[in-house]
Amino acid sequence: MSKNILLVSGDGIGPEIMLEARKVLDVVDAKFGLDLQFDEALVGGAAIDATGVPLPEESLAKAKASDAILFAAIGGPKWDNLSANLRPEQGLLGIRKHLDLFANLRPAILYPQLAEASSLKADRVAGLDILIVRELTGGIYFGQPRGIRVNDSGDREGFNTYVYSEPEIRRIGRVAFEAARARGGRVCSVDKANVLEVTMLWREVMTDLAKEYPDVQLSHMLVDNAAMQLVMRPKQFDVMVTGNMFGDILSDTAAMLTGSIGMLPSASLDKNNKGMYEPCHGSAPDIAGQNKANPLAMMLSASMMLRYTFGEVAAADAIEAAIGNVLDQGLRTGDIYSEGTTMVSCVEMGDAVVAALQNA
Ligand code: IPM
Ligand code: MG
């Protein structure tokens, strides 16, 4: 059965890393007989330039019709002065919301070869394997009312609403507990329950849900402490579950522990495991068009897609093994470079992964 994949290359380094991921997908397609079919859509700044809006109807329709979406990165200084609802980011947030992709899985895994590239001492991060489960379609990112208004004193004020319903908390909690079952058996729920009512409810619901998972150990942590613990003793964590904004922040921190945010893939899934797969990093406008970007998180996102949405475990394993192989060869893009390794370009990194796949 053919697998319809929508490619969204987006802005900045997006098109460059997408090309490399596509090369890798073409190899595993042929090798494992996957029958991958590709279509493309404009989202973000590229869509604004072409159509005036960050998420054209046609792109949303294609996203809904596809089996999975591979998303590179969007945004850049060119579009920074647009009003909030016309910024490139709205394209990404719109797809997440319209497709109800509420479960964002962000694994932070340290490749042993990259221990030197981590901002922490090697012994603090050796063997690091954290899964951040971030709620993606609710919380302060989407709460109403929101806006910028003039208050009674005549001053402008910006406001957003941080809201979670009990079912929203429960469904993301389930994803975290199920994931923990298949890994280390521990969930740390991150909140700000000492101040915010919304997360007092979050904590209460997580505690209640834990009764259904007696084999999983639940702990709670305040978000400020969690940020500190992540850079102090990151290996204490197995699965972390948290809301949209805290998850955004903590996942960037966890990413850096692994050497570079250029190594981190993510999956955003709906209740049927249909999903969008994207690297955790952004569009890196400072290095766009220079053939310097690290395409590995994009390839790892493609591999997550094969694993989660299509159940093509062997093909996913092959991509990950090939990436391990090029790292073993000492090949590094600039973001993961350390002394004694070989610096390569984005295209060279792609070619090396393709070669490793073909020789496997
Ligand atoms: C992420 C990004 C997005 C987010 C931006 C681009 C809207 O930072 O996926 O982590 O905040 O969710
Ligand atoms: Mg982010």
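The talk below turns to one glutamate and then to the sheet.

Modeller: This is a predicted model, where local features need pLDDT of at least 70, side-chain atom pairs count only at pLDDT 80 or more, and totals for chains, interfaces and linings use all residues. Residues are numbered from 1 along each chain, and side-chain values use heavy atoms, without hydrogens and water.

Biologist: Why is Glu168 said to have no salt bridge?

Modeller: A salt bridge needs a side-chain nitrogen of Lys or Arg within 4 Å of a carboxyl oxygen of Asp or Glu. For Glu168 the nearest side chain of opposite charge, Lys97, is 5.1 Å away, so there is no salt bridge. Glu168 is still buried (under 20% relative accessible area, 1.4 Å probe, protein chains only).

Biologist: What does the side chain of Glu168 reach?

Modeller: The backbone nitrogen of Ser165, at 2.9 Å. A polar contact is a pair of N or O atoms within 3.5 Å, one able to donate a hydrogen and the other to accept it, so this pair qualifies.

Biologist: Where does Glu168 lie?

Modeller: In helix 6, residues 166-181 (a DSSP run of H or I, at least four residues).

Biologist: What makes strand 2 and strand 9 edges?

Modeller: The open, mixed sheet has 10 strands in the order 2-1-3-12-11-4-5-10-8-9. Strand 2 (36-40) and strand 9 (217-222) each have a single partner strand, so one side of each lacks a neighbour in the sheet. Pairing takes at least two DSSP bridges; strand 1 and strand 2 have 5, and run parallel.

Biologist: Which strands does helix 6 touch?

Modeller: Among them are strand 4 (103-109) and strand 5 (129-135), where contact means heavy atoms within 4.5 Å.

Technical notes: Chains are lettered from A and ligands numbered from 1 in the order in which they are written. Helices (H or I, at least four residues) and strands (E, at least two) are DSSP runs, numbered from the N terminus. Buried means under 20% relative accessible area, exposed over 50%, partly exposed in between (1.4 Å probe, protein chains only). Lys and Arg count as positive and Asp and Glu as negative; His and the chain ends are not counted. Axes are lines fitted to C-alpha atoms, for helices over the stretch in contact, and angles run from 0 to 180 degrees between N-to-C directions.
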